[in-house]
There are 2 protein chains.
Amino acid sequence: MDNSESDSSALQAVAGNGLLHRRIFLTRGAALLGATGLGLLTPKLATAQTLPELSNVPGAALSEYGTRSVFEDSVKRNNILSYPGTTGSGGSWTPLESLEGIITPSALHFERHHSGIPAINPDTHQLLIHGLVKRPLLFSMDALCRYPMVSRIQFIECSGNSRVGWAPEPVQKSSGGLHGLLSCSEWTGVPLSILLDEAGVDPKANWILAEGADSAAMTRSVPLAKAMDDTLIAVYQNGEKLRPSNGYPIRLFLPGYEGNASVKWLRRIKVTAGPTMTRDETAEYTDTRPDGSSLMFTFPMEVKSIITAPSLGRPMQGAGLYEISGLAWSGAGKIARVDVSVDGGRTWGQAALSEPVLDKAFTRFRAAWRWNGGPAIIMSRAIDESGAVQPSREQFIASKGLKRDYHYNAIQNWKVAPNGKVSNVYA
Amino acid sequence: MDNSESDSSALQAVAGNGLLHRRIFLTRGAALLGATGLGLLTPKLATAQTLPELSNVPGAALSEYGTRSVFEDSVKRNNILSYPGTTGSGGSWTPLESLEGIITPSALHFERHHSGIPAINPDTHQLLIHGLVKRPLLFSMDALCRYPMVSRIQFIECSGNSRVGWAPEPVQKSSGGLHGLLSCSEWTGVPLSILLDEAGVDPKANWILAEGADSAAMTRSVPLAKAMDDTLIAVYQNGEKLRPSNGYPIRLFLPGYEGNASVKWLRRIKVTAGPTMTRDETAEYTDTRPDGSSLMFTFPMEVKSIITAPSLGRPMQGAGLYEISGLAWSGAGKIARVDVSVDGGRTWGQAALSEPVLDKAFTRFRAAWRWNGGPAIIMSRAIDESGAVQPSREQFIASKGLKRDYHYNAIQNWKVAPNGKVSNVYA
């Protein structure tokens, strides 16, 4: 780096080790990079001889349903794991390290299935609403789709996402490999409140039970208040009908709640007085406290963020100016602020948040960093509109203990070595 | 319909022929449908015998890159047309009638290619910036991706979209078949302003020329002011890298401008004093006026809307309560309001706009209609934040004449017959 340039007021440092002011990403502000002559990061000076190749043969045909480039085949779900003797009972992780923006392509949405993906014919599938209601109702998919719908861009995160954070030594995986039981889509569906009102909920009711049509018959209890608030019977994802791996033809969608409760392949909603205490909410999906007792029904996913670039597998390529890019989200609402540190948490600067900043959705944040080529630890810390602050791993474990399996939301630290390699570290 | 129920204040009519107030779609308001007992649109009363089937075999496996349900195979691009002797020179239309929300799946994004889809290796592709600049620059894809990026959800519409509206008799196609040279995605890329500042634009420059690497070498001139404003070199679409049919590995993206100018498979940007007057902007993509003279460089796509449900191919199924759902967009900015009429334009009521309402993006609108089973003509009229109002076909032709091929933005009328069938009509 040329240090005479680093004094430019247009590229003001806001925290230690080269973190720059976020205004570089505000409207037209990014042009500062070029205008100050500090850009020239990586392009070559061109000569007349260097005009890139023009194809001289007709290209490929139009198609009914497009595909991606063969040069992108290496971008795939991470960690595909299924239980012994099965092919569909397990999980796969979204490759967050290869994606940008806030929409997760449906083909790369994470998976967590308990007995594989059922092949459901929408012409015969029905949704039953029964239990403590005036009139039990049965909806064909055509009948359901007559109802008014709403669309929202919102994340879904598995309750067990990032659980490797409890490992005694940091696991060396990409941002998606560590934290990719996490995706964000535009969901369109019918508000469950309409269907419950139509069935007529008994005043004694306080919970619902949702059951999937997969052979695991996934069953979860959900408070009636949530069901009557922002819960959807989701029919569309990212514009088209749900994919089979996301519950085709319909799934429950509980914004901000742990993913498992948003039951896929939904076949019935039973209105109940209390929680049903199913196997899926007693043997699993409970939070063990330091004293050995368990918390149940801890639905909302807490405020969290990760840096996706640079990250493990996306190394730095020599000293110079870099964009730090990452994702923040919270089950409590909108992201209010994201702080970034490039000196291991000693000093912090505010990241720029990409619009739109939506309720219970991914928010893409960006920060500018002039890396001097020395060792560095980079990290992000999200704050949501409720005021909740993402904790450090040390704070998180001090408060929640080491016996839990779910709801890990501590800060991710990436260590950058002088050779540019990035690794996962705890401190 | 039971007329005693139609008097309920919760379901107030706001315009003729059964159009209801939009508050039915505002937060929790949708529950009115059920709470007033006016719902019970279509479900059956259930008995204990009617619980839908539970799968009793393990489902399908986890996968690296997911696919949609085989039951959705009929949802495909419309009108796939290529010029005689070619397979890739032509267009395909997004099936808007089968989609919901505001995101178009990349696999169903419309296509308009002039010599097919080139197969470009990103490891060898480069972007040249030259012409009236201090230093011509050549960017590898890796070098380009070091620059700061921005993400935006924005539409792209072919200049020739909806041109069948000039046909003397209304063409009987679906909403996507008529208007589907139109899609909306989350685009992520590098602001062109940064790269131009880095190259150092000469004060004499007022335009740029953009050229694609396809064998048609698509070339378009764009005002420098637009290039320095909100123009992107797009790298990602809907989270993942661009698809080949959308310009992989990079395309120009000019928000709100006619799609053709957002040159795909971008290989160079030449900074120029004036427009280059290429074949693609002189022999085509000009607007013939009633007097036979032509307007050139009419870039912004004007305010427009269409109802996608009900629509041709999505018939009504008996008298009763329906949701009208559609899309509105404008190259001038955000959508301010959408009016809906169900009596052929005699009276209008305001539709509910789904959040988020974004700049130069699709806005999903919804209206509630109690159809009495009689003949009806339904239509939508969009107004953007600049105050521009979508014209009727009659107004549009009176003002613009019949000789044009581009920038058709008149109101779409759908006629609903008593048997529920929907057809395209001009009045």
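I started with strand β8 (residues 137-140) of chain A, which 2 bridges join to strand β3 (residues 44-45) of chain B, the two running antiparallel. For this I took strands as DSSP runs of E, at least two residues, and helices as runs of H or I, at least four residues, numbered from the N terminus. Strands pair if DSSP finds at least two bridges between them. I also noted that A:Leu138 stands opposite B:Lys44 in β3(B).

**Ground rules.** I am working with a predicted model, where local features need pLDDT of at least 70, side-chain atom pairs count only at pLDDT 80 or more, and totals for chains, interfaces and linings use all residues. Residues are numbered from 1 along each chain as its sequence is written, while chains are lettered from A and ligands numbered from 1 in the order in which they are written.

**The two copies.** I looked up how chain B lies on chain A: a turn of 180 degrees with a shift of 0.0 Å along the axis gives an RMSD of 0.0 Å (least squares on the C-alpha atoms of residues with pLDDT of at least 70 in both copies). That is the relation of a two-fold axis. Both copies use the same surface, as 100% of the contact residues of chain B recur in chain A.

**The contact.** I found 113 residues from chain B and 113 residues from chain A in the contact, where two residues count if their C-beta atoms, placed from the backbone, lie within 7 Å. Helix α5 (residues 192-199) of chain B gives the largest share of chain B's side, 5 residues. I see that side divide into 55 nonpolar, 34 polar and 24 charged residues (nonpolar: Ala, Val, Leu, Ile, Met, Phe, Trp, Tyr, Cys and Pro; charged: Asp, Glu, Lys and Arg; polar: the others, Gly among them).

**A covered helix.** Which residues of α4(A) are buried? I list A:Leu192, A:Ser193, A:Ile194, A:Leu195, A:Leu196, A:Asp197, A:Glu198 and A:Ala199. That is 8 of the 8 residues of helix α4 (residues 192-199) of chain A, with buried meaning that 20 or more other C-beta atoms, placed from the backbone, lie within 10 Å of the residue's own. A:Gly200 follows α4(A), with a positive phi near 80 degrees.

**A sheet in chain B.** Strand β5 (residues 90-93) of chain B pairs with β6(B) over 3 bridges, and B:Ser92 stands opposite B:Glu111 in β6(B).

Definitions and conventions:
Buried ≥ 20, exposed ≤ 12 C-beta atoms within 10 Å, placed from the backbone.
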